[in-house]
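Please read them with the structure open beside you.

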Amino acid sequence: MPGNLAPAHRVGIGYDIHRIESDASPEAGLILAGVKIPCPWKVIAHSDGDLVLHALCDALLGAVAAGDLGEQFPDTDPAHRGRDSTEFLAHILALPVLNGWRIGNVDINVIAQVPRLSAHKPGMRQRLAELLALPLDRIGLKARTNEGVDAVGEKRAVQAQAVVLIEAP
Ligand code: MG
């Protein structure tokens with residue numbers, strides 16, 4: 001019957017948004033794609049608030065229809081307070097349901113009115129390549145503003161979108 005063939009490739013999509021607040025303290029900054037971005041802002045989050053990695057985790061889970069990050073790591077669990085999101089990603093990459101699948105490529109949008117991210121794009125791509133053990137040319141990352149509109153444009157939030165293609169074991 002058509003549709004029962006095991007696919008050679010699967011695709012997943014992920015999205016995340018976190019609120020931000022201005023922060024004049026010396027340790028202020030956002031963590032995006034595992035990279036600390038020094039800036040007079042902080043993210044409101046239960047974990048370290050790395051919305052790029054959260055979107056990427058959801059894309060990976062979506063590709064294998066394995067639920068979402070909130071199911072894996074409930075934000076009501078005090079154990080995840082301030083948690084390094086690279087640990088979330090490592091956990092998901094090690095899930096049995098992803099065993100044998102290889103990542104073809106990932107593509108990410110980061111949408112932030114603040115901070116300006118253009119100078120940080122190479123570092124974020126490099127860190128993602130390390131975290132995923134992929135060559136740099138399989139990591140797409142675009143950063144853009146929201147043209148001053150909506151919560152992101154009004155400097156109240158930062159957003160990320162991720163797509164991942166995985167190849168059959
Ligand atoms: Mg999140």
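1. The terms are used as follows: buried means under 20% relative accessible area, exposed means over 50%, and partly exposed lies in between (1.4 Å probe, protein chains only).

2. Please keep the origin of these values in mind: this is a predicted model, in which local features need pLDDT of at least 70 and side-chain atom pairs count only at pLDDT 80 or more, whereas totals for chains, interfaces and linings use all residues. Residues are numbered from 1 along each chain as its sequence is written, and side-chain values use heavy atoms, with hydrogens and water left out.

3. The count of salt bridges comes to five. Among them is the one between Glu87 and Arg83, whose side chains meet at 2.6 Å, N to O. Glu87 is partly exposed, because its relative accessibility is 38%, and Arg83 is placed in that class at 22%.

4. Asp107 and Lys142 form another salt bridge, with their closest N and O atoms 2.7 Å apart. Asp107 lies in strand β5 and Lys142 in strand β6, so this pair ties together parts that are 35 residues apart in sequence. Asp107 is partly exposed, with a relative accessible area of 31%, and Lys142 counts as partly exposed at 36% relative accessibility. Helices (H or I, at least four residues) and strands (E, at least two) are DSSP runs, numbered from the N terminus.

5. The pairing around β5 deserves a look, where two strands pair if DSSP finds at least two bridges between them. Strand β5 (residues 102–111) runs antiparallel to strand β7 (residues 157–167), the two being joined by nine bridges, and Val106 has Val164 in β7 as its bridge partner. Six bridges join β5 to strand β6 (residues 139–144), and these two run parallel; Asp107 stands opposite Gly140 in β6. Between β5 and β6 the chain passes through helix α4 (residues 121–132), and this β-α-β crossover is right-handed, a term that applies if, with the strands pointing away from the viewer, the path from the first strand over the helix to the second runs clockwise.

6. Strand β7 is also joined to β1, by 11 bridges in an antiparallel arrangement, with Gly14 opposite Ala162 in β7. β1 pairs in the antiparallel sense with strand β4 (residues 41–43) too, over three bridges, and the partner of Ile20 in β4 is Val43.

7. A cis peptide bond joins Val114 and Pro115, with omega about -10°, and Pro115 lies in the loop between β5 and α4. Ala33 has a positive phi, near 55°, in a residue other than glycine; Ala33 sits in the loop between β2 (30–32) and β3 (35–37) and counts as buried, because its relative accessibility is 0%. Phi of Ala65 is near 50°, again a positive value in a residue other than glycine, and Ala65 lies in the loop between α1 and α2 (69–72). Is Ala65 buried or exposed? At 61% relative accessibility, Ala65 counts as exposed.

8. Leu132, in helix α4, is buried, with a relative accessible area of 9%. The C-alpha atoms of Leu132 and Leu93 are separated by 8.3 Å, although these residues are 39 residues apart along the chain.

Key. A salt bridge is a side-chain nitrogen of Lys or Arg within 4 Å of a carboxyl oxygen of Asp or Glu.
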